Amino acid sequence: MITIKHLRKHYGDLAVLKDITTEIRKGEVVSIIGPSGTGKSTLLRCLNLLEMPDGGSIEVGGADLLDRKTNVPKVRQRMGMVFQSFNLFNHLSVLENLTLGPRKLKGMSRAGAEAKALDLLRLVGLAEKVHSYPEELSGGQKQRVAIARCLAMEPEIILFDEPTSALDPTMVHEVLSVIRRLARNGMTMAIVTHEMDFARDVSNRVVYMDEGVIYEEGSPEQIFDHPQKERTRAFVNRIRSYTCRIASPDFDLYDMNANIEAFCEKQILPRATRDNLLLLVEELLQFFRQQLGSIVLDMTISYVEKLDTIEVILESTGEPGNPLESAQQEDDLGLTIVNSLIQDQKYSRDGDRNRLEFHLKR
Amino acid sequence: MIFTTRVEDGSCVVSLGGRLDTVTSPACEEKFRDLVSAGHLAVVIDLATLDYISSIGLRVLLQVARQLKERNGKVCLANATHNVMSVFEMTNFTRILLIKSSVDEALESMREKE
């Protein structure tokens with residue numbers, strides 16, 4: 001249906017889309033996920049030329065959208081778009097919002113357009129609002145009217161740009177229900193969304209975008225349950241991390257502690273968890289102290305929100321071996337404290353680096 | 001780290017405050033060494049305002065106990081905060097050093113040992 005090849009878009013020096021190649025096949029529901037600012041909405045807006053790409057190609061049903069000979073308004077009519085901010089015409093009633101396009105652009109009769117509009121309003125559960133104005137509607141109702149307005153033009157594909165992001169959480173469900181119904185009815189859709197559970201349920205394919213490229217794509221099971229790439233995994237598991245590098249035995253423990261405390265506060269972790277984490281970090285670093293200066297140590301502390309777990313990973317250069325076993329300690333006090341604070345640990349050799357992974361007990 | 005001393009009931013009561021960790025332990029160890037060298041052989045360590053202790057801090061306390069024992073002295077800890085007590089329990093410190101709930105109880109235990 002839509003074939004995108006090597007699409008590029010930049011704003012000044014900022015490359016928002018670097019090289020996008022993908023396709024949306026008829027009947028597919030494709031969810032586009034990824035961090036904010038990564039080009040998801042820009043991609044969608046390029047597909048119907050609300051933004052003009054700087055390179056690459058977009059074919060819609062075989063018609064090259066960027067070819068000067070192409071009747072772009074005609075091609076655009078085959079695509080509907082639903083925006084985050086609804087974009088209803090506030091000076092028109094719900095009925096007028098729905099009938100304007102079919103009458104002016106498709107030459108439908110008033111009676112025909114109104115009959116169709118009523119059917120669509122029933123589909124989205126808003127028949128009783130037919131004569132209301134947008135200002136009289138809730139956010140969820142406005143978005144459902146926006147979807148109905150889109151359907152009134154009988155599009156072959158609907159592009160949804162974060163359809164629920166501007167909604168109160170209590171209204172998200174009503175809009176997602178309408179979109180699910182469209183999916184069940186076989187509508188081809190591309191949906192930019194932050195609703196991960198919804199994307200998993202409704203999609204045939206999920207595209208994870210990061211830094212202006214398609215970083216990973218696959219079935220919902222692949223992307224959400226078995227992501228192959230690290231950034232995908234971090235995003236879908238809502239993993240947030242703090243990383244630091246320690247290269248000297250005289251590292252600033254208190255500066256590191258302040259950063260760890262700030263990280264914990266941001267994740268709204270309990271005080272006890274924070275205290276245990278600080279103690280664990282200090283004790284673990286003691287095992288590396290003698291070597292610091294001749295090795296480099298990278299520490300990553302990650303909070304996996306989905307699992308409510310805290311991971312501490314220490315990667316170090318130097319001779320192969322588990323530092324917790326090989327480091328010379330005057331007693332086992334440090335190791336006893338570490339073992340009391342962790343759920344599990346894992347040592348591995350990754351290329352030329354030792355890797356220790358710990359999960360903090362909760 | 002805060003390290004203040006007072007003499008009470010024949011014992012030297014040392015109030016430790018803040019953190020006893022990699023950064024503060026060396027200075028704390030030196031202060032304890034000076035205290036013992038100055039002849040204070042009955043020491044109560046008040047931990048009421050000590051928020052944090054790591055293994056290196058535990059070693060400082062063990063070192064104090066060792067030095068006092070060599071001189072036939074004695075030491076008792078008191079008022080451990082929740083965090084500090086938790087570390088004592090992890091490491092079975094409660095079996096190694098005498099720990100009381102208050103300075104008064106610690107002072108009393110010093111008298112009993114006589």
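Predicted model: local features only at pLDDT ≥ 70, side-chain atom pairs only at ≥ 80, totals over all residues.
Together β1(A) and β2(A) make a hairpin with two residues between the strands, and in its turn Gly12(A) has a positive phi of about 65 degrees. β1(A) also pairs with strand β4 (residues 55–60) of chain A, again in the antiparallel sense, over five bridges, and in this pairing Arg8(A) lies opposite Gly55(A) of β4(A).

Five strands of chain A form an open sheet with antiparallel pairing, in the order β11-β12-β13-β15-β14. Its edge strands, each of which pairs on one side only, are β11 (239–246) and β14 (342–350) of chain A. From one strand to the next the twist averages 15 degrees, where axes are lines fitted to C-alpha atoms, for helices over the stretch in contact, and angles between N-to-C directions run from 0 to 180 degrees. Eight bridges link β11(A) to strand β12 (residues 297–304) of chain A in the antiparallel sense, with Arg245(A) opposite Asp298(A) in β12(A).

Helix α10 (residues 253–266) of chain A packs on this sheet and touches β11 and β12 of chain A, its direction making about 175 degrees with that of β11(A); contact means heavy atoms within 4.5 Å. Helix α11 (residues 271–286) of chain A also packs on the sheet, where it touches β11, β12, β13 (309–316), β14 and β15 (353–360) of chain A, and its direction makes about 15 degrees with that of β13(A).

Chain B contains four helices and five strands, which follow the pattern β-β-α-β-α-β-α-β-α along the sequence. Of its 114 residues, 50% count as buried, that is, under 20% relative accessible area with a 1.4 Å probe and protein chains only. Among the contacts in chain B with a separation of 6 or more, 71% come from residues 24 or more positions apart.

Residues are numbered from 1 along each chain as its sequence is written, and chains are lettered from A and ligands numbered from 1 in the order in which they are written. Local features need pLDDT of at least 70 and side-chain atom pairs count only at pLDDT 80 or more, whereas totals for chains, interfaces and linings use all residues, and side-chain values use heavy atoms, with hydrogens and water left out.

Methods. Pairing = 2+ DSSP bridges.
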